[in-house]
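Dear colleague,

Please find below the structure that I am handing over to you. My notes on what was found in it follow directly after.

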Amino acid sequence: MSAIPPCPKCESTYVYEDGSLLVCPECAHEWNPNEVIVDPDAIILKDAVGNLLAEDDKVTLIKDLKVKGSSLVLKVGTKAVIKRFVDSDHDIDCKVDGHGQMMLKSKFVRKQN
């Protein structure tokens with residue numbers, strides 16, 4: 001007999017099969033165990049040309065960007081590595097080559113192949 005996983009909502013172990021679905025009698029949650037579960041709170045970002053971005057992706061700048069609070073300008077083609085996504089105006093926390101940690105907007109980068 002195959003092991004039935006606990007309910008993803010209430011962690012109940014009294015789950016039973018009903019056709020192709022699994023049902024929890026305690027919270028009435030029904031789900032298909034073969035579906036991929038997607039985190040609704042996950043941040044999904046795309047680069048300037050529509051490619052999906054992920055953490056640890058390597059990107060390049062598509063535009064010269066002035067660094068706020070200094071006279072530094074990041075030139076087109078500058079490379080960076082995405083460390084994490086942030087839910088704010090500057091949505092990428094990354095390490096820019098030669099300049100250190102910075103926050104960038106996803107619309108100004110392009111994913112490298």
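The strand β9 gives the lining of the largest pocket its largest share, namely three residues. This is a predicted model, in which local features need pLDDT of at least 70 and side-chain atom pairs count only at pLDDT 80 or more, while totals for chains, interfaces and linings use all residues. Residues are numbered from 1 along each chain as its sequence is written, and side-chain values use heavy atoms, with hydrogens and water left out.

Strands (E, at least two residues) and helices (H or I, at least four) are DSSP runs, numbered from the N terminus. Both β5 (65-66) and β9 (100-104) supply at least two residues each to the lining of the largest pocket. A pocket, on a 1 Å grid over the protein atoms alone, is an open set of points where a 1.4 Å probe fits, with protein on both sides within 12 Å along at least five of seven lines; lining residues have an atom within 4 Å of a point. The volume of the largest pocket is about 240 Å³, where a volume is the space filled by probe spheres set on the points, and grid points are joined across faces, edges and corners. Among the residues that line the largest pocket are Leu-65, Lys-66, His-90, Met-102 and Phe-108. The lining comprises seven nonpolar, one polar and three charged residues. Here Ala, Val, Leu, Ile, Met, Phe, Trp, Tyr, Cys and Pro count as nonpolar, Asp, Glu, Lys and Arg as charged, and the others, Gly among them, as polar.

Next, the cysteines. A disulfide is a pair of cysteine sulfur atoms within 2.5 Å, and by this rule the count is zero. Cys-7 is in no disulfide, and the nearest cysteine sulfur, that of Cys-27, is 3.6 Å away. That distance is too far for a bond. As to accessibility, buried means under 20% relative accessible area, exposed over 50%, and partly exposed in between (1.4 Å probe, protein chains only). Cys-7 counts as buried because its relative accessibility is 0%, whereas Cys-27, at 33%, counts as partly exposed.

Finally, the backbone. Most residues other than glycine have a negative phi. Glu-11, although not a glycine, has a positive phi of about 65 degrees; Glu-11 is placed in the segment before β1 (16-18) and, at 51% relative accessibility, counts as exposed. Asp-56 is likewise not a glycine and has a positive phi of about 75 degrees. Asp-56 lies in the loop between β3 (30-31) and β4 (58-61), and its 55% relative accessibility makes it exposed.

Yours sincerely
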